[in-house]
Amino acid sequence: QVQVVESGGGLVQAGGSLRLACVISTRAFGNYAMAWFRQAPGKEREFVAAINWSGGRTSYVDSVKGRFTISRDNSPKNSVSLQMNSLTPEDTAVYYCAASARLGMPDARLGDSSEYDYWGQGTLVTVST
């Protein structure tokens, strides 16, 4: 059973930064596309950022472009990170890491939650004014 575990959430003032990390328990991490989604109170879950298996392609929702950066370490950490800068209260949400082992998934579908099979429990990010 593949496990996905996030860390790094917390409370930060507007304009500040946080770095989220996600570790996945698999020997084949290099085959997985990885993504971050978030769900704010009273809202539906939304795509934030994704990275393909090689790290050669990334995708972001427009609202975080230029502020958030997704990266991955295929060896030895089997991890993906989300560096979040210039945070605003609108970024407050539970952030979920997701993994997809679907070989051949087109990069154009990196932001589609239905492509991801494994999800973490989420980590809360709260941005205060």
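Some ground rules. This is a predicted model: local features need pLDDT of at least 70, side-chain atom pairs count only at pLDDT 80 or more, and totals for chains, interfaces and linings use all residues. Residues are numbered from 1 along each chain as its sequence is written, and side-chain values use heavy atoms, with hydrogens and water left out.

Back to the charges. The structure has eight salt bridges. Glu 115 is buried, at 10% relative accessibility, while Arg 109 is partly exposed at 34%. Buried means under 20% relative accessible area, exposed over 50%, partly exposed in between, with a 1.4 Å probe and protein chains only.

Next, Arg 67 and Asp 91, with closest N and O atoms 2.8 Å apart. Arg 67 sits in the loop between β6 (58-60) and β7, and Asp 91 in the loop between β8 and β9, so the pair ties together parts 24 residues apart in sequence. Strands are DSSP runs of E, at least two residues, numbered from the N terminus. Both Arg 67 and Asp 91 are buried.

Last, the nonpolar cores: buried Ala, Val, Leu, Ile, Met, Phe, Trp, Tyr and Cys residues joined through side-chain atoms within 4.5 Å. The largest has 29 residues, and Trp 36 and Leu 82 are among those with the most contacts inside it. A second, separate core of nine residues includes Phe 47 and Leu 110.

How values were computed:
Salt bridge = Lys/Arg side-chain N within 4 Å of Asp/Glu carboxyl O. Helix = DSSP H or I, 4+ residues; strand = E, 2+ residues; numbered from the N terminus.
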